[in-house]
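User: Please go through the packing and the charged pairs of this protein with me, giving the criteria as you use them.

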Amino acid sequence: MNLRENVRLAPYTTLQLGGPARYFVECASESEVRAALAHARERGLAVFVLGGGSNVVFNDAGFPGVVLRVAIGHDQGIAFGEGDGPGGPPEISAGAGADWDTLVRGAVERGWTGVECLSGIPGTVGGTPIQNVGAYGQEVAETLVRVTCLDRTTLERRTFSAAECEFGYRDSRFKGRDRGRYVVLDVTLRLRRDAPPRIRYPELRDAIMRAGSLDAAPADAVRLVRQTVLALRRAKSMVLDPADPNARSAGSFFMNPVLSRAAFAELERRWQGAAGDAVKVPAAWLVERAGFPKGYRLGGAGVSERHALALVNLGGTSAELLALADAIRAGVERRFGITLECEPEVVQ
């Protein structure tokens with residue numbers, strides 16, 4: 001176990017923000033994770049588990065305990081298999097430290113359907129069930145079969161089925177009642193073969209129609225969807241690009257609020273086709289109309305010039321970024337009476 005001291009956390013996050021970790025360790029195996037957790041427990045040190053750093057904000061003072069970066073499967077840690085046998089639904093198993101978009105690209109190259117709308121999302125495989133990562137109408141919950149974890153208290157392995165993960169909108173048991181209890185070790189997904197992509201998001205459907213046609217063979221259609229998703233995300237600076245200052249973000253900083261029908265009544269006239277007992281409201285619309293348009297700047301942080309939900313590090317500090325987030329939340333609440341929830345984890 002290579003335990004290092006006073007390691008800057010900023011280079012390990014997509015925001016490029018955060019002070020030093022008192023101790024930092026990269027774990028490429030389950031045994032290394034166990035050893036790191038046991039070491040921290042013996043010394044009474046707090047532990048923060050880090051993956052790809054795409055959904056986290058460390059403060060400027062850093063972290064006073066152990067930052068455990070999960071690197072299981074980082075190198076050649078993705079297995080593309082046949083599931084129940086030849087001709088059955090294909091399955092993908094990957095270590096928690098494997099790159100998520102590498103997994104998606106591999107699935108699409110094989111013509112498998114189920115994760116193509118999640119193309120271009122930065123981060124590692126292990127973070128996807130925690131957040132129930134989703135985009136363009138698709139969520140990890142739709143394809144996840146099981147996730148294997150290590151209990152941080154007992155150091156025992158436990159495997160959860162999709163139903164046991166208690167998935168919700170950008171939510172799971174790992175963010176809720178079991179927050180901080182488990183370290184994800186590996187994930188297994190089950191996809192579809194020779195099946196046309198399911199497009200639920202109007203913006204994506206329109207872009208696909210401009211680029212080609214979904215009437216092609218399923219394998220060609222799923223490749224078209226990936227290409228289109230990547231183009232849409234790139235246009236919003238939502239893919240990692242060191243040359244793009246708007247990409248120095250944690251992706252969408254706020255979740256779309258889900259309102260009761262009663263709470264939505266005063267806003268209903270602004271949208272068409274609302275139905276049901278709960279309605280998801282576009283947070284980007286709320287942010288911009290609360291006085292925080294694209295390109296808005298507060299100190300060394302700002303709203304992306306390309307996406308109103310992305311808060312960007314413009315050479316500032318974590319404190320400045322979080323001050324901007326607080327100002328936006330307060331502005332939306334004043335204007336609309338709606339409290340926005342932050343999507344990234346803020347580590348205090």
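Analyst: A nonpolar core is a set of buried Ala, Val, Leu, Ile, Met, Phe, Trp, Tyr and Cys residues joined through side-chain atoms within 4.5 Å, where buried means under 20% relative accessible area, exposed over 50% and partly exposed in between (1.4 Å probe, protein chains only). This is a predicted model, in which local features need pLDDT of at least 70 and side-chain atom pairs count only at pLDDT 80 or more, while totals for chains, interfaces and linings use all residues. Residues are numbered from 1 along each chain as its sequence is written, and side-chain values use heavy atoms, with hydrogens and water left out.

User: How many residues does the largest nonpolar core have?

Analyst: Leu68, Trp100, Val147, Leu189 and Leu204 are the residues with the most contacts (heavy atoms within 4.5 Å) inside the largest core. A second, separate core of 27 residues includes Leu17 and Phe254. The largest nonpolar core itself has 58 residues.

User: Which residue forms a salt bridge with Lys236?

Analyst: A salt bridge needs a side-chain nitrogen of Lys or Arg within 4 Å of a carboxyl oxygen of Asp or Glu, and for this pair the closest N and O atoms are 3.1 Å apart. Lys236 lies in the loop between helix H5 and strand E15, 33 residues from its partner in helix H4 (helices, H or I, of at least four residues and strands, E, of at least two are DSSP runs numbered from the N terminus). The partner, partly exposed at 30% relative accessible area, is Glu203.

User: Is Asp244, which pairs with Arg306, buried or exposed?

Analyst: The side chains of Arg306 and Asp244 meet at 3.7 Å, N to O. Arg306 counts as partly exposed because its relative accessibility is 40%. With a relative accessible area of 12%, Asp244 is buried.
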